[in-house]
Every structure is written in C-alpha cells, then in structure tokens.
Amino acid sequence: MEQALYTTTQAAKIFGVTPRTIQMWADSGMIEVTKTLGGHRRITADEIERLAKRFGKVLPENKKTLSEPDSSTAVRQSGDSVRIMIIDDDKDLLKLYQMQIESWQTPKTEVYLASDGYDALLQIGAKKPDIIITDLRMPRMDGGHMIKMIQQTPDMAHCQIVVVTDLNKGEIQQNFELPDSVVLEEKPIPFARIQRLVNDYLNTSDVINPS
C-alpha cells in the first residue's frame, strides 16, 4: 500500500508554520521530500510522523483536518512577549543565558534554547523569535549557514540576529558571510548589551503597537 503524500501547504497547516518554513526545512535537509513529475514537493506520511515526534506533537487521526496553529505558533501581536532564542552547543552556556535573562525579571520575555543551527531551524518556524542570539561554530549546522536560511524566510524579516563568538573579526570574515544587519559581539557574553537590546526591542514595539 502506497503512503499518503502531503503538499507543503498541508504540512504547514499540520505544524502551524508557513509553507516557506516547510520549504526551508526541506532545503536544509531537515525533512525529506519527494518530487512529482511536474517538480512539486511532496512529503510522506512517515516524514510527517517523524517530525511530529520531534516536536512532541500529537497528530489527529486525519492529519489534513488540522487547520489552525496553536497559540505557540501565532504571529506576534501587540502586547505579546518578546521571543528570544539562544543557540549554542555548550549546554552550560545555554543554562547561563537562560538564568541571566530570567534574572532580569523583564516582563514579556520568552526564552527558547537550541543546541545548533539544525535544532534552531526546526523550532524557528513555529516559535518565530524576535531576537536570535547565536554562536557561529557548532556541529551539524553552523551559525553562518543557519543565518543564511533565516534571511531567506520572509516571515522572519522582523528578527534581530546577534552573533556572540570567541572568533576575531578576521576569522569571521574568512569563514562566514554575515549580513550587515547582524550584530557582532565577542565572548565573554555581553549580558548588559543584550539586556539593552531586549529593552530597546520592547520599547520600540510598544511605540509601534500601543496597547
């Protein structure tokens, strides 16, 4: 018996992301797709099941009937929290980031953690972070490649990316092509500047989207 095949639009509805995010996952090799004779992408039921387990998502019996994303995947609205994603392969550093940000007791902040670019891209389509703080040298997918994929995603155009690395500027220029919009910071982690960036983002959002 042949497996059911799903379009990128159907898969996007199932996971509460945009079709472009599904295409980004496919381009990065995070999800396997097949192509029809006409060149259209199709995703097998097995891949849908595999991703659902990865996200801890319970699928309905008929996957095609899931039409609305849950609240965690909603587009940011006025009054929502600022969503911060931290990406580093050092688990101790991730905990340090999280503890430090939570110690600020800044209202309206949500923190998400990822261990490398691959893990981050799987989450980004659903979480739609406002600020991404990332290292560059990581296993599986480095920060430079991840940033390129994010820049190709229209619904992530609002996101401010901050690179925190122990590489010097010469090493960065030699090994990575980063957009001008990326903020570069050197380790040790500049928590005071990151806190200022988060506060500036919140203040700007409040001006643009008054409650």
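Let me start with a definition: a residue is called buried when its relative accessible area is under 20%, exposed when over 50%, and partly exposed in between, using a 1.4 Å probe and protein chains only. At 4% relative accessibility, Asp116 counts as buried. Keep that residue in mind, please.

Before we go on, some housekeeping. This is a predicted model, where local features need pLDDT of at least 70, side-chain atom pairs count only at pLDDT 80 or more, and totals for chains, interfaces and linings use all residues. Residues are numbered from 1 along each chain as its sequence is written, and side-chain values use heavy atoms, with hydrogens and water left out.

Now, charges. Side chains of opposite charge can pair when their charged atoms come close. We call it a salt bridge when a side-chain nitrogen of Lys or Arg is within 4 Å of a carboxyl oxygen of Asp or Glu. How many salt bridges does a search of the whole structure find? The search finds seven.

Back to Asp116: its side chain meets that of Arg140 in a salt bridge, 2.9 Å from N to O. Arg140 sits in the loop between strand 6 (131-134) and helix 6 (143-151), and Asp116 in the loop between strand 5 (109-114) and helix 5 (117-127), so the pair ties together parts that are 24 residues apart in sequence. Helices (H or I, at least four residues) and strands (E, at least two) are DSSP runs, by the way, numbered from the N terminus. And is Arg140 buried or exposed? It counts as exposed, because its relative accessibility is 62%.

Next, please find Lys187. Asp88 forms a salt bridge with Lys187, and the closest N and O atoms are 3.4 Å apart. These two are 99 residues apart, with Asp88 in the loop between strand 4 (82-87) and helix 4 (91-103), and Lys187 in the loop between strand 8 (183-186) and helix 8 (191-208). Asp135 also forms a salt bridge with Lys187, again with 3.4 Å between the closest N and O atoms. Asp135 lies in the loop between strand 6 and helix 6, so its pairing with Lys187 ties together parts that are 52 residues apart in sequence. Put together, Asp88, Asp135 and Lys187 are linked in a network of salt bridges. Asp88 is buried at 2%, Asp135 counts as buried at 7%, and Lys187 is partly exposed at 24%.

Let's turn to the nonpolar side. A nonpolar core is a set of buried Ala, Val, Leu, Ile, Met, Phe, Trp, Tyr and Cys residues joined through side-chain atoms within 4.5 Å. Which residues touch the most other members of the largest core? Of its 44 residues, they are Leu121, Ile132 and Met146. Helix 5 gives the most to this core, with six residues. Contact means heavy atoms within 4.5 Å, and beyond its neighbours within four places in sequence, Met146 is in contact with residues including Ile87, Leu121 and Ile132. There is also a second, separate core of 19 residues, with Val82, Ile101, Val111 and Phe191 among them.

One last stop: Ala52, in helix 3 (residues 45-55). Ala52 is buried, with a relative accessible area of 3%. Not counting residues up to four places away in sequence, Ala52 touches Phe15, Lys57 and Leu59. Ala52 and Phe15 are 37 residues apart in sequence, and their C-alpha atoms are 7.9 Å apart in space.
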